[in-house]
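Subject: Handover of a protein structure

Dear colleague,

Please find below the structure that I am handing over to you.

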Amino acid sequence: MAKVLQFKKPTPAQKHKGKTLCKSGFHSWQLLKEPVFDSRQGRLVTVFQCKRCGARKVRGISRESD
Ligand SMILES: [Zn+2]
């Protein structure tokens with residue numbers, strides 16, 4: 001009897017599903033790193049990256065609600 005490896009790569013279909021969610025605006029954001037100072041904006045920002053498509057978003061830290 002042959003051993004069956006249980007490791008599975010994500011199928012293209014699964015990847016596509018994720019991308020579809022991303023395209024619809026349902027990214028799977030995770031905190032990329034601690035707040036950093038963005039000299040361009042002149043303030044601290046928090047960076048998030050989507051686990052699926054790698055898109056990034058930067059959220060400014062301020063009293064204003066974004
Ligand atoms: Zn995404």
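Among contacts in the protein between residues at least 6 apart in sequence, 22% join residues at least 24 apart. Two residues are in contact here if their C-beta atoms, placed from the backbone, lie within 7 Å.

Please note the basis of the description. This is a predicted model, in which local features need a pLDDT of at least 70 and side-chain atom pairs count only at pLDDT 80 or more, while totals for chains, interfaces and linings use all residues. Residues are numbered from 1 along each chain as its sequence is written.

Confidence

The predictor's confidence in each residue is given as pLDDT, from 0 to 100. The protein has an average pLDDT of 81, and 80% of the residues score at least 70. Confidence is highest in strand 2, at 92, and lowest in helix 1, at a mean of 77. Where pLDDT is low, the predicted coordinates should not be read in detail.

Overall arrangement

The protein contains 1 helix and 3 strands, and their pattern along the sequence is α-β-β-β. Helices (H or I, at least four residues) and strands (E, at least two) are DSSP runs, numbered from the N terminus. Of the 66 residues, 2% count as buried. A residue is buried if 20 or more other C-beta atoms lie within 10 Å of its own, exposed if 12 or fewer, and partly exposed in between, with C-beta atoms placed from the backbone.

The 3 strands form an open sheet in the order 1-2-3, with antiparallel pairing. Strand 1 and strand 3 stand at the edges with a single partner strand each, so one side of each has no neighbour in the sheet. On average, neighbouring strands of this sheet are turned by 25° against each other, direction ignored; the axes behind such angles are lines fitted to C-alpha atoms, for helices over the stretch in contact, and angles run from 0 to 180 degrees between N-to-C directions. Two strands count as paired if DSSP finds at least two bridges between them.

Strand 1 (residues 29–38) pairs with strand 2 (residues 43–50) in the antiparallel sense over 7 bridges. Within this pairing, Gln 30 stands opposite Gln 49, and Val 36 stands opposite Val 45. The two strands form a hairpin with 4 residues between them, and Gly 42 in the turn has a positive phi of about 70°.

Is Val 45, with its 16 C-beta neighbours inside 10 Å, buried or partly exposed? Val 45 counts as partly exposed because of that number of neighbours. Not counting residues up to four places away in sequence, Val 45 touches several residues, including Pro 35, Asp 38, Val 58 and Ile 61. Val 45 and Val 58 are 13 residues apart in sequence and 6.3 Å apart in space, C-alpha to C-alpha.

Cys 22 lies in helix 1 (residues 12–23). With 17 C-beta neighbours inside 10 Å, Cys 22 counts as partly exposed. Leaving aside residues up to four places away in sequence, Cys 22 touches His 27, Cys 50, Arg 52, Cys 53 and Ala 55. One of these, Arg 52, is 30 residues from Cys 22 along the chain, and their C-alpha atoms are separated by 7.7 Å.

Yours sincerely,

A colleague
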